[in-house]
Amino acid sequence: MHLVIFVQMIGDTWVTLLLIQNRTLPTRKRFYKNTGILRSEGKFEVTLDQRKLKTPKGNLFVVENEPLALAVATEWDAQKGNIIQSRMHLTTLCNTVIDNPNNLTKYDMVNYITNYLDTDTVLFQDVESDLSNLQEAEWDPVITWFNKRFDVNVVKSKQMDIPPVSQKDKTTLSKHLLSHNFATVCGFVYGVDTLKSVILTLACIERFLTPEKAVLLSRLEEEYQTGHWGRVEWAHDLNQQDLQSRLAAVVLFTYFNSQSSKLQSKATQ
């Protein structure tokens with residue numbers, strides 16, 4: 001998709017609108033009839049007919065648990081005439097874990113997440129206005145939950161010079177994040193980049209918020225503005241649905257990988 005900017009008269013006011021338009025996405029023809037999974041050495045692979053799925057780097061596509069393998073196979077089975085990989089979020093997450101194209105460690109990703117807190121969307125709120133009241137009503141309960149759940153004390157600001165999150169709070173959150181495996185932390189990063197918010201991402205993964213609600217809260221200012229100036233239905237809906245599908249994939253991905261770690265821990269005890 002790409003943005004088109006134009007100016008339109010609404011009432012007596014000229015308003016600049018941003019539209020999201022579809023463009024041809026890189027695709028290839030579906031070359032297989034059936035998808036499946038197979039177990040190999042305690043792990044799971046995905047098959048397209050008799051071929052084993054591979055990653056963009058040519059590595060064998062292998063995941064730790066059966067439900068995740070089934071979900072990925074379902075993504076591939078859902079492709080009809082063309083394969084549109086930009087819409088296959090679970091496959092993308094798994095490929096990132098297997099190939100690790102940026103050679104990141106779990107510590108690198110945790111550091112990225114904790115530093116992102118300094119610019120978290122929900123910590124920057126408007127000055128006294130209807131929007132400010134809406135942000136307080138919708139965002140403040142999530143901030144309160146976050147502080148209680150992770151034993152931290154992050155604060156919101158109505159000024160641009162928000163005080164950075166304390167090193168103590170970052171260390172506390174880091175310990176929690178580092179308790180998860182590499183794949184799960186990759187999922188956290190994908191969620192943070194989707195919502196532009198650590199707080200909303202973790203609230204969704206911890207089931208305090210649904211993916212639909214978390215996406216709505218991440219777009220709160222945009223929704224407020226469209227309430228005043230009008231809504232370009234197809235454009236806003238496309239963006240919202242894309243974010244929801246990305247975040248839903250994150251929730252599934254982190255859940256499957258967390259459960260896999262728990263089962264492995266029990267097996268070694």
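User: Why does Trp145 count as buried?
Analyst: In this predicted model, Trp145 has a relative accessibility of 16%. The cut-off for buried is under 20%, so Trp145 counts as buried.

User: And what makes Phe208 partly exposed?
Analyst: Its relative accessible area is 37%.

User: How many aromatic pairs does the structure hold?
Analyst: Seven. One of them is Tyr112 with Tyr116, an edge-to-face pair.

User: What makes the pair of Tyr112 and Tyr116 edge-to-face?
Analyst: The ring centres are 5.8 Å apart, and rings pair within 6.5 Å. The planes make an angle of 65°; over 60 degrees is edge-to-face, so the label holds. Both tyrosines sit in helix H3, four residues apart, about one turn of the helix.

User: What makes the pair of Trp145 and Phe208 stacked?
Analyst: Trp145 and Phe208 are 5.0 Å apart, centre to centre, with 15° between the planes. Stacked means planes under 30 degrees apart, so that's what this pair is.

User: Why say that this pair ties together parts of the chain?
Analyst: Because Trp145 lies in helix H4 while Phe208 is in the loop between helix H7 (198-205) and helix H8 (211-218), parts that are 63 residues apart in sequence.

User: How do you know that the span of helix H5 agrees with what it should be?
Analyst: H5 covers residues 167-178, which is 12 residues, and at 1.5 Å a residue it should span 16 Å. Its end C-alpha atoms are 16 Å apart, so the two agree.

User: Which residues of H5 are buried?
Analyst: Asp169, Lys170, Leu173, Ser174, His176 and Leu177. What covers the buried residues includes H3, H4, helix H6 (182-195) and H7.

User: What makes Ser174 buried?
Analyst: Its relative accessibility is 16%, and buried means under 20%, so it qualifies. Its side chain reaches the backbone oxygen of Lys170 at 2.8 Å. Leaving aside neighbours within four places in sequence, Ser174 is in contact with Val110 and Thr114.

User: Why is Gln125 buried?
Analyst: Its relative accessible area is 5%, so it falls under the 20% cut-off. Gln125 sits in the loop between helix H3 (106-116) and helix H4 (130-150). Not counting residues up to four places away in sequence, it touches residues including Trp139, Ile143 and Lys156. A polar atom of its side chain also lies 3.3 Å from the backbone oxygen of Val122.

User: What makes strand E5 mostly covered?
Analyst: Five of the six residues in E5 (43-48) are buried.

User: How do you know that E4 and E5 pair?
Analyst: Pairing takes at least two bridges, and six join E4 (residues 35-40) to E5, so they pair, running antiparallel. Arg39 has Phe44 as its bridge partner in E5. The two strands form a hairpin with two residues between them, and Glu41 in the turn has a positive phi of about 55°.

Terms used: Residues are numbered from 1 along each chain as its sequence is written. This is a predicted model: local features need pLDDT of at least 70, side-chain atom pairs count only at pLDDT 80 or more; totals for chains, interfaces and linings use all residues. Side-chain values use heavy atoms; hydrogens and water are left out. Buried means under 20% relative accessible area, exposed over 50%, partly exposed in between (1.4 Å probe, protein chains only). A polar contact is a pair of N or O atoms within 3.5 Å; within protein, one must be able to donate a hydrogen and the other to accept it, and residues adjacent in sequence count only if both atoms are side-chain atoms. Contact means heavy atoms within 4.5 Å. Rings of Phe, Tyr and Trp (its six-membered ring) pair if their centres lie within 6.5 Å; planes under 30 degrees apart count as stacked, over 60 as edge-to-face and the rest as tilted. The expected span of a helix is 1.5 Å times one less than its number of residues.
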